[in-house]
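Here's a friendly walk through one structure, a few spots at a time. Have a look at the model first, then read on.

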Amino acid sequence: FTGKAVAAYEPRMAEIVTWVVDRVVERGHLDFVDDLANPLPALVSLDYFGLPLEKWDEYATALHRAAYREKGSARAVLALVDDVRAVVAERKASGPRGGDVLDRLLTAEVNGAPLPDEDVVNQVFMLLNGGIDTSTALIASMFLHLAQHPDDRAALAAEPSRIPNAVDEMLRYFTPGPGVARTVTRPVELGGVTLRPGDRLLLALGSANHDEDVFDAPESVRLDRENAGKHLAFGHGLHRCLGAFLAPAEMRLLLEEV
């Protein structure tokens with residue numbers, strides 16, 4: 001998930017982006033959620049992790065239903081985990097295929113011992129859970145903004161070199177994971193409040209990304225914002241999101257293609 005690894009994968013990701021757009025472009029109309037925002041993150045995630053691409057709709061639907069708290073979504077997620085478990089068993093029996101994420105997990109060792117199969121299943125599920133619905137939300141928000149602000153869309157079309165910074169600004173403004181829980185590890189005073197080891201906090205990343213002490217006019221989308229990259233959409237520190245390079249590359253390639 002390093003920048004170098006994601007850069008090496010970009011040509012393949014570009015193929016998937018182009019395929020998703022080509023499916024709908026000649027139709028002359030589309031639903032950005034159903035036709036782009038849902039399939040693209042699922043296809044990229046399954047392909048990058050080493051899971052069967054034909055399962056993208058099944059996996060994406062289960063995870064979106066869980067995010068929306070739909071009735072029966074828990075059963076759908078359990079079925080997804082069972083399916084991942086079957087894929088892990090099959091891949092373990094057939095052997096490595098070329099160094100994708102699932103290969104790395106199946107061949108990894110901790111203190112000289114391989115990871116238990118159930119740990120591999122849980123890791124893959126965690127990656128799917130973190131990488132699909134969040135990207136869907138960001139893509140939907142990003143293109144809704146461009147539909148409502150045609151000048152911004154025209155500016156990016158005229159100067160594609162502005163797209164990477166625009167992606168950072170969209171991540172700042174439309175933070176797809178607006179909060180994370182953390183446990184205090186040492187005594188500290190924060191904002192006049194004394195925190196003790198074991199205390200639980202909800203860190204409002206979405207609020208931090210609208211901090212007027214850091215971002216000028218934070219309630220406005222500014223595609224040329226100089227410090228847009230200071231956003232905390234992927235968290236910070238030890239637990240920074242693994243997708244911090246993968247997701248922006250996906251957004252950039254999609255914007256370029258559209």
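## Two loop residues with positive phi

R69 sits in the loop between α4 and α5. Helices here are DSSP runs of H or I with at least four residues, strands are E runs of at least two, and both are numbered from the N terminus. R69 isn't a glycine, yet its phi is positive, at about 55°. With a relative accessibility of 73%, R69 counts as exposed (buried means under 20% relative accessible area, exposed over 50%, and partly exposed in between, using a 1.4 Å probe and protein chains only).

N111 is another non-glycine with a positive phi of about 55°. You'll find N111 in the loop between β1 (109-110) and β2 (113-114), and at 80% relative accessibility it counts as exposed.

## How to read the numbers

This is a predicted model, in which local features need pLDDT of at least 70 and side-chain atom pairs count only at pLDDT 80 or more, while totals for chains, interfaces and linings use all residues. Residues are numbered from 1 along each chain as its sequence is written, and side-chain values use heavy atoms, with hydrogens and water left out.

## Helix α4 against helix α5

On to the helices on either side of R69's loop. Helix α4 (residues 56-67) packs against α5 at an angle of about 145°, and their axes are 8 Å apart. An axis is a line fitted to C-alpha atoms, for helices over the stretch in contact, and angles run from 0 to 180 degrees between N-to-C directions.

Which residues of α4 and α5 meet? From α4 come E58, Y59, A62, L63, R65 and A66, and from α5 come S73, A76, V77, L80, D83, V84 and V87. Contact means heavy atoms within 4.5 Å. By class, the α4 and α5 contact has nine nonpolar residues, one polar and three charged (Ala, Val, Leu, Ile, Met, Phe, Trp, Tyr, Cys and Pro count as nonpolar, Asp, Glu, Lys and Arg as charged, and the others, Gly among them, as polar).

## Helix α5 against helix α7

Helix α5 (residues 73-94) also comes within 9 Å of helix α7 (residues 117-131), axis to axis, and the two cross at roughly 125°. That's why α5 and α7 are oblique to each other (under 35 degrees counts as roughly parallel, over 145 as roughly antiparallel, 65 to 115 as roughly perpendicular, and the rest as oblique). The crossing of α5 and α7 is right-handed.

On the α5 side, the contact is made by V77, L80, V81, V84, R85, V88 and K92. On the α7 side, their partners are D117, E118, V120, V121, V124, F125 and L128. This contact of α5 with α7 has ten nonpolar residues, four charged and no polar ones.

## The nonpolar core

How many residues does the largest nonpolar core have? There are 61, and L51 and L128 are the ones with the most contacts inside this core. A nonpolar core is a set of buried Ala, Val, Leu, Ile, Met, Phe, Trp, Tyr and Cys residues joined through side-chain atoms within 4.5 Å.

Skip the neighbours within four places in sequence, and L128 is in contact with S45, L46, F49, L51, Y59, L63, L80 and V84.

R252 is in helix α12 (residues 246-257). Is R252 buried or exposed? It's buried, with a relative accessible area of 18%. Beyond its neighbours within four places in sequence, R252 is in contact with E10, I163, P164 and V167.

Leaving out its neighbours within four places in sequence, M251 is in contact with S135, L138, I139, M142 and V167.

V180 lies in strand β3 and is partly exposed, with a relative accessible area of 24%. Apart from neighbours within four places in sequence, V180 is in contact with L201, L202, L203 and L205.

P187 is in the loop between β3 (180-183) and β4 (188-190). Its relative accessible area is 59%, so P187 is exposed. Setting aside neighbours within four places in sequence, P187 is in contact with L195 and P197.

How values were computed. A crossing is left-handed if the near helix is turned anticlockwise from the far one by less than a right angle, and right-handed if clockwise.
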